[in-house]
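Please open the model in your viewer and keep the selection tool at hand. The stops below say what to select next and what is to be found there.

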Protein chains: 2
Amino acid sequence: MALQLARGAVTAHGTIGPMSDESSPRPAYDSAFLRACRREPVPHTPVWFMRQAGRALPEYRKLREGTAMLDSCMRPDMVTEITLQPVRRLGVDAAIFFSDIVVPLKAIGVDLDIVPGVGPVVAEPFRTARDLDRLPVLTPEHVPYITEAVRALVGELGATPLIGFAGAPFTLASYLVEGGPSRNHARTKALMYGEPELWSQLLDRLADITLAFLRVQIDAGASAVQLFDSWVGALPAQDYRAFVQPHSARVLAGVGDVPRIHFGVGTGELLHDMGAAGADVVGVDWRVPLDEAVRRIGPGKALQGNLDPTLVFAPDDVVRRKVHEVLVAGKAAEGHVFNLGHGVLPETDPDVLARIVDLVHAGV
Amino acid sequence: MALQLARGAVTAHGTIGPMSDESSPRPAYDSAFLRACRREPVPHTPVWFMRQAGRALPEYRKLREGTAMLDSCMRPDMVTEITLQPVRRLGVDAAIFFSDIVVPLKAIGVDLDIVPGVGPVVAEPFRTARDLDRLPVLTPEHVPYITEAVRALVGELGATPLIGFAGAPFTLASYLVEGGPSRNHARTKALMYGEPELWSQLLDRLADITLAFLRVQIDAGASAVQLFDSWVGALPAQDYRAFVQPHSARVLAGVGDVPRIHFGVGTGELLHDMGAAGADVVGVDWRVPLDEAVRRIGPGKALQGNLDPTLVFAPDDVVRRKVHEVLVAGKAAEGHVFNLGHGVLPETDPDVLARIVDLVHAGV
């Protein structure tokens, strides 16, 4: 519990009420974060930040010095330390497992690397049905370092929940088909529209891999998962439903024993369908106010979001006002997990993030 | 009229009915494009493509060889030829004046260049109130090459309308504040949220410049304008209304003697407010079906859009089906100008664009 006590005095962590008795099998079960995911009453609005473990933290930059991104994702000691850093420093209500979207692809043998300043680069992009053979099913034996890191983390984190992490089939497909990051996803869409059967086979494979990658994390003790479909906002809803949703739904159905968060940036048009894919919590970017998101998504879901990540560069009174607006709009939801509307920008001052945690915990 | 006759036999150009008599002061007045902008009956749905003049055309690439982008925008002979190329080749219903968003800034003396593969790069980004002095009002004397090119074009184009071109204040501000293209517009938003008075002064200046740049084109004979707010989709609607809309509205009000098209990518949340800023035609990206866009925008507007620009890489039957879907959804609008939902991608096969023109003209 030392982790929480570091900022516990400020944020009133750890006093959750009658259900947090010693006999609970999972110490994080009654955390504000998991309660909000389940749409249960919470002592305070829980908050974490996408990319909270990363370049915004000086201790992260120091630890990563001399270690390539993918190497750091495959070393349990580094994954554990990096995942814990923002929990210690910021007092957030959940840890997010430090990894990268392409880690499961690397683990099954896809020749790829993460190039600094560029992103994932795939040596031989996916082109034909023969390339399906390069995508075998992922087993726990492919990723022993994931199991080891999650186990270590769950032990360290105590009552702070750990969120498992994976990229969704569409976004993985985009990296594989484009060969790297893409602005327009033109080749990806060309495959999707032009060869719908091959597309379906590809996304089926990727759904298997993603599901297995999340199951490894859950089996090792992760108490929620976030499925990132970073780039799916490039699709109109009609095509999302036809070409993507069934595959994401299969992943989400397969991890149904813990709360499932589902997020993509620029997905204002897809919020309903991403919820309907089987999410318990729908992540919302900063463009759609949470009360409007509730109307689009419908009942039976919690929401996560959605402070504009650039607002950390604004003066304190603006930050305070915008946090307040998000909290007020979030009251329209059956459950609200405060977050940014996209990942923490590398130039972010961690003190501002800590300040936001305090504002959220203090409430409106 | 030679330009139109080249593809006129295919597309039934130029037979517009009783109003196109010889006494009409503006030969393009009764074009399908301008009629659609005015929400009048049309002989066929008009079509043009954002970035139709550009790298997708081999004749463009050849002409531009050895000439820097900004230089080409300041040479009337090149502007004229480049603007005409897609009209000749594709049979589109309108020409769009070939220029770049930063041309008016360059014209008033801002030290900037367009770096191939990067985009506009501003030597000294906008930081403080003192930088306002570097943004004097634009006069026709700053841009004699624009007047000359528009006059030449209007003469050449005959009954084919010429759309004037300018970037909107927010997007210009982003280039000035960031110093170049930006993914997150973090500095821009920091200025907007953190120094709202300076922000307002900056956008006021840029509105003056943009308005003057469009007026030069209208006075020389452009018969419509498109105000591009390329990046404004990065803002939620509330902040668009507070920080951007009044300035864009002033530009649009100032050019009210010709139809005004207003477009930004990823603006699904802003469509109503961009229409309310004073657009006659609201451009819609591919994420929002046109019938849904009509519901958001409300009555009294025409719509422009919105085929996904990556669909040019799909097989012909998919292109045909998607064009059909856009045309059907567009029937919900009081006027519909067919276009892509964003600019033509450089890798696009011009023959596919010509095929789309034919499909649109043939109708549903």
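**A tour of the two chains**

Begin by selecting Asn306(B), which lies in strand 8 of chain B, a strand that runs over residues 302–307. What you have on screen is a predicted model, and the backbone at this point deserves a careful look, for the peptide bond that joins Gly305(B) and Asn306(B) is cis, with omega at about -5 degrees. Now move to the other chain and select Asn306(A), whose place is in strand 8 of chain A, residues 302–307; the bond leading from Gly305(A) to Asn306(A) is cis as well, with omega near -5 degrees. As background to this stop and to some of the later ones, most peptide bonds are trans, and most residues other than glycine have a negative phi.

**The two copies together**

Show both chains and superpose them: chain B can be laid on chain A with an RMSD of 0.0 Å, by a turn of 180 degrees and a shift of 0.0 Å along the axis. That is the relation of a two-fold axis. The same surface serves both copies, in that 100% of the contact residues of chain B recur in chain A.

Next, select the residues where the chains meet, and you will find 23 residues of chain B in contact with 23 residues of chain A. On the side of chain B that touches chain A, helix 9 of chain B gives the most, with five residues. Coloured by class, that side of chain B has 13 nonpolar, six polar and four charged residues. For the confidence of the prediction, the scores of the model are ipTM 0.90 and pTM 0.92.

Now select Phe313(A), in the loop between strand 8 and helix 15 (316–330) of chain A. Which residues does Phe313(A) touch, not counting those up to four places away in sequence? They are Ala186(B) and Ala190(B). Phe313(A) is buried, as 22 other C-beta atoms lie within 10 Å, where 20 or more are needed for that class. If you also select Glu347(A), you can check that Phe313(A) and Glu347(A), 34 residues apart in sequence, are 9.0 Å apart in space from C-alpha to C-alpha.

**Two helices of chain B**

Select helix 7 of chain B, residues 144–157, and compare its length with expectation: at 1.5 Å a residue its 14 residues should span 20 Å, and its end C-alpha atoms are 20 Å apart, which agrees. Which residues of helix 7 of chain B are buried? They are Ile146(B), Ala149(B), Val150(B), Leu153(B), Val154(B) and Leu157(B). Following helix 7 of chain B comes Gly158(B), with a positive phi near 60 degrees.

Go on to helix 10 of chain B, residues 196–219, which has 24 residues and reaches 34 Å from its first C-alpha to its last, close to the 34 Å expected at 1.5 Å a residue. Just after helix 10 of chain B, select Gly221(B), which takes a positive phi of about 125 degrees.

Select His185(B), in the loop between helix 8 (169–178) and helix 9 (186–194) of chain B. His185(B) is not a glycine, although its phi is positive, at about 55 degrees. Is His185(B) buried or exposed? His185(B) counts as buried, with 23 C-beta neighbours inside 10 Å.

In chain A, select Arg39(A), in the loop between helix 2 (32–37) and helix 3 (58–64). Arg39(A) too is a residue other than glycine with a positive phi, here near 65 degrees, but Arg39(A) is partly exposed, with 19 other C-beta atoms within 10 Å.

**Last stops in chain A**

Select Ser200(A) in helix 10 of chain A, residues 196–219; Ser200(A) is partly exposed, with 15 other C-beta atoms within 10 Å. From Ser200(A) to Arg61(A) the C-alpha atoms are 39 Å apart in space, and the two residues are 139 apart in sequence.

Finally, colour chain A by pLDDT, which averages 93, with 93% of the residues scoring at least 70. Over residues 1–24 of chain A, pLDDT stays under 50, and for these residues the model has 35 contacts beyond four places in sequence.

Definitions and conventions:
Residues are numbered from 1 along each chain as its sequence is written. Chains are lettered from A and ligands numbered from 1 in the order in which they are written. This is a predicted model: local features need pLDDT of at least 70, side-chain atom pairs count only at pLDDT 80 or more; totals for chains, interfaces and linings use all residues. Copies are superposed by least squares on the C-alpha atoms of residues with pLDDT of at least 70 in both. Two residues are in contact if their C-beta atoms, placed from the backbone, lie within 7 Å. Helices (H or I, at least four residues) and strands (E, at least two) are DSSP runs, numbered from the N terminus. A residue is buried if 20 or more other C-beta atoms lie within 10 Å of its own, exposed if 12 or fewer, and partly exposed in between; C-beta atoms are placed from the backbone. Ala, Val, Leu, Ile, Met, Phe, Trp, Tyr, Cys and Pro count as nonpolar, Asp, Glu, Lys and Arg as charged, and the others, Gly among them, as polar. The expected span of a helix is 1.5 Å times one less than its number of residues. pLDDT is the predictor's confidence in each residue, from 0 to 100.
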